[in-house]
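Here is a short report on helix packing and chain totals. Please read it alongside the model.

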Amino acid sequence: MSEVFGRQRLHHSSQRSLVRQAVLGIVLAELVCMVALTCVSIWHERRVRLHAVDVAVEGRADSLFGAVQDEEDAGAHVQLDPREMQVPAEDAFAVYDLDGRRLGTSLQAPEPLIAFSGQSGLRTERWRGRQFRVLHRTNLRIIDRAESSGVGLRRPVLIVYATPLDGIWRDIFRGVGFYLVAGLLLLGGTTIFIVALMRRVLQPLGKLADAAKAVSPGQLHFSAPVQALQLAELRPLGLALMAMVTGLREAFDREHQFLGDAAHELKTAVAVVRSSLQVTLLRPRSPEEYRGGLQRAVQDNKRVEDLIARMLLMARLEEGVRGTQRAADIVAAVSTSLEAISPFAQSAGVQLMQVPPCVEPQAASPLRCLLVPVAEEDLGILIRNLVNNAVEHSGAGSIVRVAIGLLHQRIQLSVTDEGSGIPEEALPYIFERFYRADSSRARGTGGVGLGLSIARAIVEGGGGTIVARSRPGAGTEMIVSLPQAAEAQAETH
Amino acid sequence: MRVLVVEDEPRLAENVARALREGPQYAVDVAFDAEEACLLWETCSYDGVVLDLMLPSGSGAEVLTGMRSKGATTPVLVLTAVSDTRRVIELLNLGADDYMSKPFDLGELIARVRAIIRRSRGACEPVLRYGSLLIHIAEHRVSANGVRVEFSPTEHRILEYLMFRPRVVVSARELSEHLFDFTWESHSNVVEVHISNMRRKLRQVDSGTTIENIRGCGYRLRATAE
């Protein structure tokens, strides 16, 4: 027992949770989105900030150039004072002529940053672990304008201007940080919300499971909770469960009914034997009376045997256990069966008549052999049951007709009597086990109420159908329709 | 006593009827289905009913409730194939007096039928007394002042019926209704003949009891000393 529980618990722990999966999936998707958004916004922010730095650097380079322009001395040296130009103190710059001669630098300018280069443009450089944005730009310096009658001397100069990028990353993270924090808060919020939502959404499923849990072999009643039936997704499941439990209950009820009926029949049959023996022993009797009593008991015992044999046959047929699933010839089976029954029919004053086979017009050969997918023994039982039944319900002087036909590739067997017929209200039940359409008279003739059930089980085992048509007072017609056996079809094609 | 046996299995019905006729020498009628049972029960006066539960054209329980609702007080022994306690309780509550489950012992059935009839007539003892007269119902023995009186089966039945209701006038019709089933060719003359024989036998042993003939009304068991 404990082992079973342990395995169940293990099984339980290895179960996957729908809620966990859904929540995990959604949160993961949200996280990916958030990371992507953060990366994009960092990239964007950096671009914007860098652009701003570039504009600022260009501006400062311009003002530096302005300062150089204003310098009266056109000579080799340019005097630059950062304080005059109002540029940040940590910026570094240098002015070169095109030959690479340095015209002037800022104070404490780091040499690698302001080194002369032939290429103009903006670039990012690294010095002592710090990043700098460095602008190289060539300008045309016009000097001595007054001396050269307004035209002036044109001296191109190269301006190198470097500004540290230290603050830019701080600014970027400050800008993006807001989104990051907001995103994380949102993520937490949505996780809680989704968990609550999923629990709520799955509540009807839990209710449905609880309702299903209450179903047991002894308690085969199930009605899906209204909550579950109101949900489009759960409604089919709920309805399917209800239909299944109802079907099971009906099947159980049928079995229960069968068991009850079988027990009743058996007990009655045994009671008959016992009472026959006891009546004989009730008082002292003559040897003839004793003999008569014993003969009656033997007859009664024969009925018990018949009943048991029929019940066992019924069980065998219903389980689908067939010794030899062979095809049998229905034409031969009808002849044999009619021969076997004719003494009984004669004693009842009933005439048995085999109607000439009716065949579809296109069928070329006359019906000499028609194979049906039913074992020979069962086929005999089927025909004998139907004909016996017809004879039992026929009055003396009437006719029981047996006909075989081939219609739409199916073999039809019909047994028609001119008896009292079956009341319309009884017609749907005549194939039920132990059902007797008429009262005790059927018992008087030895029937146990299984003949037609056995017939139906045999026919359905062969993939066929059996129906009864009856007009009270006019007679009954039993129509069996069976497919042709596979080998017979192979022969004809 | 006249008993109705309702049983759809012909052989079983036959055996039960035979046993009741041969054992306690009751008059027995047999009904094979619910409809027939109701008809017989309504038209004839029965002293007891043996009722099978599973019947064609309606269940035995329906027959029982139907007849009880019409005021039938006849004691009923139910025969059932199910020995389920719940069902038994249900049946007894519906108005059954006793039950037996199949297969049953015929001796026991006879004893139980006898017991329910006796109880329904207000007698607890299996022995009926009136004056010096004593009748052993089960043993078919009659004695007066301790001397055995030899009665024929029919005479015994008449005496038993009268002993259940001493001092009450019982009509010849009632007597023949309760003592003869449909298999008997009975008329009041038969009863008359039996009664005069019985009177003679009772006088012979000097029982001090006689069966009075009250003209136009019927018969009455009375102590001559009174």
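## Helix pair within chain B

Helix α3 (residues 60-69) of chain B and helix α4 (residues 85-94) of chain B have axes that come within 10 Å and cross at roughly 25 degrees. So α3(B) is roughly parallel to α4(B) (angles under 35 degrees count as such). Axes are lines fitted to C-alpha atoms over the stretch in contact, with angles from 0 to 180 degrees between N-to-C directions.

From α3(B), the contact uses Ala61(B), Leu64(B), Thr65(B) and Arg68(B); from α4(B), Arg87(B), Leu91(B) and Leu94(B). Contact means heavy atoms within 4.5 Å. By class, four residues are nonpolar, one is polar and two are charged.

## Basis of the model

This is a predicted model: local features need pLDDT of at least 70, side-chain atom pairs need 80 or more, and totals for chains, interfaces and linings use all residues. Residues are numbered from 1 along each chain, chains are lettered from A, and side-chain values use heavy atoms, without hydrogens or water.

The axes of α6 (residues 235-281) of chain A and α1 (residues 10-22) of chain B come within 9 Å and cross at roughly 30 degrees. The contact includes Thr268(A) and Val279(A) of α6(A), and Arg11(B) and Glu22(B) of α1(B). Its classes are five nonpolar, four polar and three charged residues.

## Chain B totals

Chain B has eight helices and 11 strands. Helices are DSSP runs (H or I) of at least four residues, strands (E) of at least two. Of its 226 residues, 54% are buried (under 20% relative accessible area, 1.4 Å probe, protein chains only).

Terms used: Ala, Val, Leu, Ile, Met, Phe, Trp, Tyr, Cys and Pro count as nonpolar, Asp, Glu, Lys and Arg as charged, and the others, Gly among them, as polar. Buried means under 20% relative accessible area, exposed over 50%, partly exposed in between (1.4 Å probe, protein chains only). Angles under 35 degrees count as roughly parallel, over 145 as roughly antiparallel, 65 to 115 as roughly perpendicular and the rest as oblique.
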